[in-house]
Amino acid sequence: MSNVTEKDIRSFVDAVSGYFYQISEEQAEINAAFLVEGEISATTFDLTGYITLSGNFSGRVYFSAPRVMVTRLLLIMGEADRSEERLLDAVGEIANTIAGNARKHFGENMEISVPVTAATEHDWLQSVVSPRSYVILVKWKQYKASVVVDIQRTR
Amino acid sequence: MKLLIVDDSMIIRNRIARVLEDPRMSHIRVVGMAPNGVDAIELFKMHKPKLVTMDITMPEMDGVECTEQMVRLNPDCNILVVSALSDKATALKALIKGARGFIYKPFSDEQLINAFVELTNS
């Protein structure tokens, strides 16, 4: 099990919830649990963005979503270009924003890298994250996405 | 009033530029966009903008260092930090380096317009 607390995890859930509400003025449905508890799997979608943590924490925070959902988000943001490059930019920016917003709880000693993005296939997340990861499943409009918090305190 | 937009996300750069199409923002003109601090400094020297929007987490050179360098080049420039990093220490660090405003991502059009209004009025 991870050495992060329930309060730590809550900050990511709040950041995810806040992100979708601010972007669309609609609440996303959120279902969350530790991967090891087996209630939710670390679902991989078409596109994934992640940031790496350093400082008092190590690990990564992932955001994975289907192309159709990211395209809809771009539309809401007023972005006319919906190329693969823009879609990847969007998942990276979302991962960065969720982790950055969670820093309100963790403080500046949780350092955040620039995002890395990739087109991903099913089960990719399952193969790279640890069993102690926390999975936040998001349902926004008719789309599903996942945020996987795979972090540990180092100090 | 000339504006330079600095952010490693093209979507955010475009978004900020689009918000400036609002009639209330007609006095602001985008003269350049940069995806990192190094390119931003070059554009800053070239265009001498009065206003800058500045991301913090960027490759090559982050927004705090970039802010410090820009303020050294022109102490009168108005830098608005636009960042997802919502801890108080980051905002404070940017303000100490010379930024004059801070807005958190994700932002609404109205929040960004209000931030520009406050900045340009001050």
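Three salt bridges are counted between chain A and chain B, a salt bridge being a side-chain nitrogen of Lys or Arg within 4 Å of a carboxyl oxygen of Asp or Glu. In one salt bridge, the side chain of A:Arg103 meets that of B:Asp87, at 2.9 Å from N to O. The model is predicted, so local features need pLDDT of at least 70 and side-chain atom pairs count only at pLDDT 80 or more, whereas totals for chains, interfaces and linings use all residues; side-chain values use heavy atoms, with hydrogens and water left out. Residues are numbered from 1 along each chain as its sequence is written, and chains are lettered from A, and ligands numbered from 1, in the order in which they are written.

Between the two chains there are also 16 residue pairs in polar contact, both residues at pLDDT 80 or more. A polar contact is a pair of N or O atoms within 3.5 Å; within protein, one must be able to donate a hydrogen and the other to accept it, and residues adjacent in sequence count only if both atoms are side-chain atoms. On the side of chain A that touches chain B, α1, α2 (67-77) and α3 (84-106) of chain A each supply at least two residues. Helices here are DSSP runs of H or I with at least four residues, strands are runs of E with at least two, and both are numbered from the N terminus. The largest share of this side of chain A, ten residues, comes from α3(A). By class, the side comprises eight nonpolar, eight polar and seven charged residues; Ala, Val, Leu, Ile, Met, Phe, Trp, Tyr, Cys and Pro count as nonpolar, Asp, Glu, Lys and Arg as charged, and the others, Gly among them, as polar.

The area buried between chain A and chain B is about 1,900 Å², with carbon and sulfur atoms giving 53% of it. Buried area is the accessible area (1.4 Å probe) that two parts lose on being put together, summed over both.

Within chain A, A:Phe12 lies in helix α1 (residues 6-24). A:Phe12 counts as buried because its relative accessibility is 0%, buried meaning under 20% relative accessible area (1.4 Å probe, protein chains only). Leaving aside residues up to four places away in sequence, A:Phe12 touches several residues, including A:Val61, A:Ile98 and A:Phe106, contact meaning heavy atoms within 4.5 Å.

In chain B, B:Thr53 is placed in strand β3 (residues 51-54). B:Thr53 likewise counts as buried, at 0% relative accessibility.

Notes
Buried means under 20% relative accessible area, exposed over 50%, partly exposed in between (1.4 Å probe, protein chains only).
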